[in-house]
Every structure is written in structure tokens, then in C-alpha cells.
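Work through the exercises below with the structure in view, and try each task before reading its solution.

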Amino acid sequence: MADEPIINSRQKEALINGIFTQVVCTAFSNHILVVLTQYGKIGTIISLLPHATSSDISKPLFTTKVLLGNDEGLTHVYDKNLVTFISQASGNRPVLLALALKKINIEGIKAMKEMIKSCQVW
């Protein structure tokens, strides 16, 4: 019987808005890392941390923090839209998102979210 790998990772590629897009999802014991790029680079790194509220521990609030790169308001919006479901599905684990995108719109965000879902490692 083969041992399961310590680190589980999956990768997908697709054209989104006519731009070649890659995603790599990696599950560590304490975090999940998602790299979403249209440049072949890591780009801005954002941390998404769940915080349980006293009224309902099953529905945490999420805090985002840019660790490296451009700290713009929309970056936090993209992060929450793209990876909040990962934290919830993985038992409220923190998520690191590396984001390097050329073009972002609502349709693109939806397609990227589906692409991330197809790489489920959590």
C-alpha cells in the first residue's frame, strides 16, 4: 500500500476571457495555498483568515490581509469571492491566495472560481 503524499497539490489550465490562466491548489496541514496566474508569476499574496463569531461559530467572518504586493481595495474583494468557499469546505482553515491577473471581470471571476473548485485538494 502506497503512502499518501504529505502535501497534496493539483493544477489546471484554461482560457478565461481569452487569456491563458493557470491555477495550482496545494493543501498543507494548516493552510491551503491557491496560486492563480495569467502571468506565470506569483503576484500579490493575500491571506484569508476565518474568525468565529460568538453568535454562530459555524459561520465565521473572514479577514483578508495583503502580505506581499499591491494592497488595493478590489484585491480584498477578489480574494473573498474566489476562496472563501475553500476555507469553509476545509473546516475553516486559513487560505493563502497568490493572484497575478491581467484582466478581471465578473464572468472571469466566476470562471476562475470554477477552475479553483476543479482543483479541490481540501
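A residue counts as buried when its relative accessible area is under 20% and as exposed when that area is over 50%. Keep in mind throughout that the model is predicted.

**Exercise 1.** Determine whether cysteine 25 is buried or exposed.

*Solution.* The relative accessibility of cysteine 25 is 0%, which lies under the cut-off of 20%, and therefore cysteine 25 counts as buried. In the protein chain as a whole, 40% of the 122 residues count as buried.

**Exercise 2.** Find how many disulfides the protein chain has.

*Solution.* A disulfide is a covalent bond between the sulfur atoms of two cysteines. The rule applied here asks for a pair of cysteine sulfur atoms within 2.5 Å. For cysteine 25, the closest cysteine sulfur belongs to cysteine 119 and is 4.6 Å away, which is too far for a bond. Starting from cysteine 119 instead, the nearest cysteine sulfur is that of cysteine 25, and cysteine 119 is in no disulfide. By this rule, the count comes to 0 disulfides.

**Exercise 3.** List the elements of the protein chain in order, and then decide how its radius of gyration compares with the globule rule.

*Solution.* The protein chain contains 2 helices and 6 strands, and from the N terminus on these elements run β-β-β-β-β-α-β-α. The radius of gyration is 14 Å, close to the 14 Å that the globule rule gives for 122 residues, so the protein chain is as compact as a globular protein of that length.

How values were computed
Residues numbered from 1 in each chain as written. Predicted model: local features only at pLDDT ≥ 70, side-chain atom pairs only at ≥ 80, totals over all residues. Heavy atoms only, no water. Helix = DSSP H or I, 4+ residues; strand = E, 2+ residues; numbered from the N terminus. Rg over C-alpha atoms; globule rule 2.2 N^0.38 Å. Buried < 20%, exposed > 50% of the residue type's maximum accessible area, 1.4 Å probe, protein only.
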